[in-house]
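Please view the sequence and the structure below before reading on.

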Amino acid sequence: MTDAVAAIPEETAPVPLLEPREGIPPVVTDAEALAATVAAFAAGTGPVAVDAERASGYRYGQRAYLIQLRRAGAGTALIDPIACPDLSGLGEALADAEWVVHAATQDLPCLAEVGMKPRLLFDTELAGRIAGFPRVGLGPMTESVLGLTLAKEHSAVDWSTRPLPEPWLRYAALDVEVLVELRDALERELDAQGKLGWAMEEFASIANAPKPAPRVDPWRRTSQLHKVRRRRQLAVVRELWLARDRMAQDRDVSPGRVLSDAAIVNAALAVPLNLAALQAVQGFGPRVHRRQLEQWLAAVQRAREIPEAQLPPPSAPHEGPPPPRAWAEKDPVAAARLSGARAAVGELAEKHSLPPENLITPDLVRRVSWEPPAGPTAENVGAALRALGARQWQVDLVAPVVAAAFVRAATQPAEQPPAEEQPEQPAP
């Protein structure tokens with residue numbers, strides 16, 4: 001880092017941030033209070049700090065249970081999106097403002113659900129990554145950049161609780177208390193490093209990104225799925241996962257509170273035939289109600305009855321290149337391209353003090369390595385990366401070194417497959 005932000009003397013103890021400047025504002029829970037908040041923030045000036053609290057691990061889905069905002073001239077607002085589920089008016093009032101969000105990709109989906117979507121964005125977490133900070137959580141960033149400490153003891157509480165306790169509200173208000181100041185300091189740091197343009201391209205990409213498509217086979221994200229080797233067992237995982245998801249949605253609780261991933265995998269490995277056998281599986285012990293046991297056993301039975309031809313395949317269907325572990329056998333020259341491109345990207349990222357995955361998405365490197373352009377010039381590689389979604393600053397930096405790696409690979413094929421990045425997939 002340059003001295004722009006790192007000027008806080010190491011011997012200076014950070015100052016605890018204990019109370020919001022104007023105190024804890026009342027939570028907005030009705031139309032009248034919301035209208036007043038919209039008017040106040042529309043009349044405010046400058047960027048607006050935005051944060052959202054979810055109830056991950058407690059409730060189904062990722063909806064927001066509290067939204068915090070702060071803007072010069074308007075102060076801080078705490079809004080209950082359960083009591084006020086339509087915040088599109090607030091979103092429109094802030095349409096021309098830059099939104100300052102920490103780790104925007106986490107909060108923007110739940111904000112969009114209530115009608116709030118930024119047109120201009122500054123992501124302080126991503127700014128920290130691009131600037132080369134080793135720790136980019138809001139607490140560490142606030143401390144290292146501003147010399148202030150934020151207590152984070154309420155970060156994982158159940159924000160669906162009503163009424164929300166005062167200490168939680170204080171914590172929530174403090175999360176946006178100095179977010180704009182953090183943004184301004186990071187902008188100066190990025191500018192001093194010559195990276196401000198890079199960051200702005202990234203922020204614009206996030207703000208303009210379309211809603212992601214539904215995940216294919218979401219049940220394949222079950223923890224420890226790599227232990228499941230047979231397709232019939234995979235069917236058990238799928239049926240139990242789907243049954244759990246339906247129950248969790250009906251009860252509005254986190255799926256993990258209905259049945260753990262470990263229990264699902266254990267049942268898939270055992271494929272129990274009756275209630276007694278299921279109850280002997282770890283995770284389905286005597287504390288599980290008989291009616292629930294019957295529902296889980298019915299899911300297992302559905303998996304047992306699926307015709308062989310309709311069993312789930314060993315791995316999820318996907319577009320793009322095969323897993324890198326297979327490249328050396330399928331196409332040794334492509335394996336050499338990928339190995340060289342990864343090494344080149346890693347060296348370039350280290351030179352610019354930012355994580356390789358923020359310099360260029362690993363998936364883009366794989367794709368362009370598997371199907372390179374005709375003639376591996378920097379211009380052609382750049383065009384291929386741009387067509388895959390790379391930003392211009394990434395193309396400008398990465399295309400020359402990747403093109404050079406491709407040229408080397410054409411004359412020196414890799415003898416070993418590149419290191420695997422993806423978890424091992426189940427075998428047939």
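The points that follow concern aromatic pairs and backbone features.

The model is predicted: local features need pLDDT of at least 70, side-chain atom pairs count only at pLDDT 80 or more, and totals for chains, interfaces and linings use all residues. Residues are numbered from 1 along each chain as its sequence is written, and side-chain values use heavy atoms, with hydrogens and water left out.

**Aromatic pairs**

- Rings of Phe, Tyr and Trp (its six-membered ring) pair if their centres lie within 6.5 Å; planes under 30 degrees apart count as stacked, over 60 as edge-to-face and the rest as tilted. The count under this rule is five aromatic pairs.
- One of these is the tilted pair of W327 and W370, with 4.8 Å centre to centre and 50° between the planes.
- This pair links distant parts of the chain, 43 residues apart: W327 belongs to helix α14 (residues 327–330) and W370 to helix α17 (residues 362–370). Helices (H or I, at least four residues) and strands (E, at least two) are DSSP runs, numbered from the N terminus.
- W327 is buried because its relative accessibility is 0%, whereas W370 is partly exposed at 21%. Buried means under 20% relative accessible area, exposed over 50%, and partly exposed in between (1.4 Å probe, protein chains only).
- W159, W168 and Y171 are linked into a cluster by ring pairs.

**Backbone features**

- R162 and P163 are joined by a cis peptide bond, with omega about -5°. P163 lies in the loop between β8 (148–149) and α6 (166–175).
- D217, a residue other than glycine, has a positive phi near 50°. D217 is found in the loop between α8 (196–208) and α9 (231–251), and is partly exposed at 23% relative accessibility.
- S353 is not a glycine, yet its phi is positive, about 55°. S353 sits in the loop between α15 (332–351) and α16 (356–359).
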